[in-house]
Amino acid sequence: RPGEAEEEPHEPEDLEPHLQSADAEEADEQRRQHEDEPDGGRLPDGFGDLAPFLPSEYVLANLAYGPSYVSMESALEYHGWIPEAVRTVVCVTSSRAKKFLTPFGLFKYEPVKQFPLMRGVARCDEHPSGTYFMASPLKALCDLVVTRRHDWTSCHPLVHSLRIEEEYLDSLTGEDFDCLDGVYYSKRARDFLAGIRKELGK
């Protein structure tokens with residue numbers, strides 16, 4: 001048209017870089033989705049070999065605070081005397097009461113007056129991560145009676161409250177009782193030991 005400026009001819013836009021960019025973004029998105037997919041629940045090769053070297057909760061409990069040994073519900077679960085799983089690692093100490101919440105679990109320490117502290121406690125060295133100290137079943141029960149203030153003098157509450165099988169109680173020997181004779185300052189513990197020993201005829 002007269003009076004209108006003529007438009008300058010222009011080259012068509014090169015779409016190749018945009019197409020390449022879009023293809024790269026799509027490839028990245030597919031890769032991210034693939035990385036997020038679970039591998040069928042299978043652990044990476046070699047990961048299972050590390051399991052024996054992961055820290056034992058019992059080793060950590062004894063290292064965290066001492067002198068101490070694993071006892072009460074934790075020891076009873078360890079020995080297979082109670083059916084319930086115990087999430088807190090419960091220990092006895094000659095020091096003050098303590099509680100630690102760690103990435104490996106909750107560690108709880110209860111003071112119990114006794115001498116010697118480690119009478120009736122086994123040293124366990126089977127775990128690669130270190131040594132720990134574990135109370136015998138009878139000592140674990142004594143510690144439970146003292147710390148929970150139970151006035152137990154028979155096997156009845158052990159069977160019906162803790163759900164301990166009678167055959168486990170029958171497996172206790174005179175030596176188990178002799179080992180703890182005169183160890184505890186608590187009258188509750190002494191009465192408990194005397195009561196169930198008489199009932200079991202040990």
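**View 1. Eight residues line the largest pocket: Thr93, Ser94, Ser95, Pro111, Val112, Lys113, Gln114 and Leu117.** The model shown here is predicted: local features need pLDDT of at least 70, side-chain atom pairs count only at pLDDT 80 or more, and totals for chains, interfaces and linings use all residues. Residues are numbered from 1 along each chain as its sequence is written, and side-chain values use heavy atoms, with hydrogens and water left out. Rolling a probe the size of a water molecule over the atoms shows where empty space is left. On a 1 Å grid over the protein atoms alone, where a 1.4 Å probe is used, a pocket is an open set of points with protein on both sides within 12 Å along at least five of seven lines, and lining residues have an atom within 4 Å of a point. The space in the largest pocket comes to about 150 Å³, a volume being the space filled by probe spheres set on the grid points, which are joined across faces, edges and corners. Its lining divides into three nonpolar residues, four polar and one charged (Ala, Val, Leu, Ile, Met, Phe, Trp, Tyr, Cys and Pro count as nonpolar, Asp, Glu, Lys and Arg as charged, and the others, Gly among them, as polar).

**View 2. Lys108 sits in strand S4, residues 105-111.** Strands (E, at least two residues) and helices (H or I, at least four) are DSSP runs, numbered from the N terminus. Lys108 is partly exposed because its relative accessible area is 27% (buried means under 20%, exposed over 50%, partly exposed in between, with a 1.4 Å probe and protein chains only). Beyond its neighbours within four places in sequence, Lys108 is in contact with Thr88, Val89, Val90, Cys91, Lys98 and Lys99, where contact means heavy atoms within 4.5 Å. Look for Ala61 too: Lys108 and Ala61 are 47 residues apart in sequence, with 8.4 Å between their C-alpha atoms.

**View 3. Helix H8 spans residues 187-200.** From first C-alpha to last, its 14 residues reach 20 Å, close to the 20 Å expected at 1.5 Å a residue (1.5 Å times one less than the number of residues). Which residues of H8 are buried? They are Ala189, Phe192, Leu193, Gly195, Ile196 and Leu200. Their cover includes helices H4 (137-148), H5 (156-160), H6 (166-170) and H7 (174-179).

**View 4. Cys124 and Cys142 are both buried.** Cys124 counts as buried because its relative accessibility is 8%, and Cys142 because its value is 0%. Zero disulfides turn up in the whole structure (a disulfide is a pair of cysteine sulfur atoms within 2.5 Å).
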